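Welcome! Open the structure in your viewer, keep the selection tool at hand, and follow along stop by stop.

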Amino acid sequence: GNTPGKTAHINYFRVDSVYFVDLPGYGYAKVPKAERDRWARLMESYFREQLVTVGVLIVDARHTPTADDRTMADWFRGTGKPLIVAANKMDKLKKSEYEEKLEDIRCTLELDADMPLLLVSADNGTGRGELLNLLEAQL
């Protein structure tokens, strides 16, 4: 959604025989600490108990990843499953900023050179096809 913190529960979406799981946001959400703590417990429980085939971590391409983004990347890696990082809102960047922002994200999240990191835009669809191809290859 346009408002950070809109996803407050674990939401499951079934597309054919594949489930997509939307976990609560964090980062810029203006919610009480108790709610953020509840989200953290939900996500910890999810990663401990659920079958994860591939993780997609969506970060804001305009900003250096937060401590929460780093924690989420660590949780994904802890599953032993593939991780794809999608740097959203790339349409808000100048083309001359792309490489610098990608390097900042890769370095901050400590991503291996072979870990997929894509610039995407939910607004204009950039990167959507590449993301879907990577997901399909993992499934």
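A salt bridge, for this tour, is a side-chain nitrogen of Lys or Arg within 4 Å of a carboxyl oxygen of Asp or Glu. By that rule the structure has five salt bridges. Keep in mind that you are looking at a predicted model.

**The whole chain**

Begin with a cartoon view. The protein chain has four helices and five strands, and from the N terminus on they run β-β-α-β-α-β-α-β-α. Of the 139 residues in the chain, 34% are buried. If you display contacts between residues at least 6 apart in sequence, 66% of them join residues at least 24 apart.

**The hairpin at the start**

Select residues 11-15, which form strand S1, and residues 18-22, which form strand S2. S1 and S2 pair in the antiparallel sense over five bridges. Two residues lie between the strands of this hairpin, and Asp16 takes a positive phi near 55° there.

Next, show the side chains of Phe13 and Phe20. Phe20, in S2, is the bridge partner of Phe13. Together with Val15, these two form a nonpolar patch on the surface, with about 270 Å² of accessible area between the three. Is Phe20 buried or exposed, or partly exposed? Its relative accessibility is 36%, so Phe20 counts as partly exposed.

In general, nonpolar side chains in soluble globular proteins tend to be buried together. The next stop is about such groups.

**Into the cores**

The largest nonpolar core has 23 residues. Select Leu57, Leu83, Val85, Leu109 and Leu119, the members that touch the most others in it. Helix H1 (33-49), strand S3, helix H2 (67-78), strand S4, helix H3 and strand S5 each give two or more residues to this core.

Which residues does Leu83 touch, not counting those up to four places away in sequence? Center the view on Leu83 and you will find Gly55, Val56, Leu57, Ala73, Phe76, Leu111, Met115 and Pro116.

Another core, of seven residues, lies apart from the largest one. Color Val54, Ile84, Ala86 and Leu131, which are among its members.

Go to Glu44 in helix H1. Glu44 has a relative accessible area of 37%, so it is partly exposed. Use the distance tool from the C-alpha atom of Glu44 to that of Trp75: the two are separated by 8.0 Å, although the residues are 31 apart along the chain.

Then select Thr108, which sits in helix H3. Thr108 has a relative accessible area of 16%, and it is buried because that value is under the 20% cut-off. Leaving aside neighbours within four places in sequence, Thr108 is in contact with Thr64, Pro65 and Arg70.

**The salt bridges**

Now return to the charged side chains. Select Lys89 and Asp60, whose side chains meet in a salt bridge with an N to O distance of 3.9 Å. This pair links distant parts of the chain, 29 residues apart: Asp60 is in strand S3 (residues 55-60), while Lys89 is in the loop between strand S4 (83-88) and helix H3 (98-108).

One is with Asp91, the closest N and O atoms being 3.5 Å apart. Asp91 is partly exposed at 29% relative accessibility, and Lys92 is partly exposed too, with a relative accessible area of 48%.

The other is with Asp123, again with closest N and O atoms 3.5 Å apart. This pair also joins distant parts of the chain, 31 residues apart: Asp123 lies in the loop between strand S5 (117-119) and helix H4 (128-138), and Lys92 in the loop between S4 and H3. Asp123 has a relative accessible area of 63% and is exposed.

Notes: Residues are numbered from 1 along each chain as its sequence is written. This is a predicted model: local features need pLDDT of at least 70, side-chain atom pairs count only at pLDDT 80 or more; totals for chains, interfaces and linings use all residues. Side-chain values use heavy atoms; hydrogens and water are left out. Buried means under 20% relative accessible area, exposed over 50%, partly exposed in between (1.4 Å probe, protein chains only). Contact means heavy atoms within 4.5 Å. A nonpolar core is a set of buried Ala, Val, Leu, Ile, Met, Phe, Trp, Tyr and Cys residues joined through side-chain atoms within 4.5 Å. Patches are made of residues with over 30% relative accessible area and no salt bridge: like charges are joined within 9 Å, nonpolar side chains (Val, Leu, Ile, Met, Phe, Trp, Tyr) within 5 Å. Accessible areas come from the Shrake-Rupley method with a 1.4 Å probe; for residues, only the protein chains shown count as cover. Two strands pair if DSSP finds at least two bridges between them.
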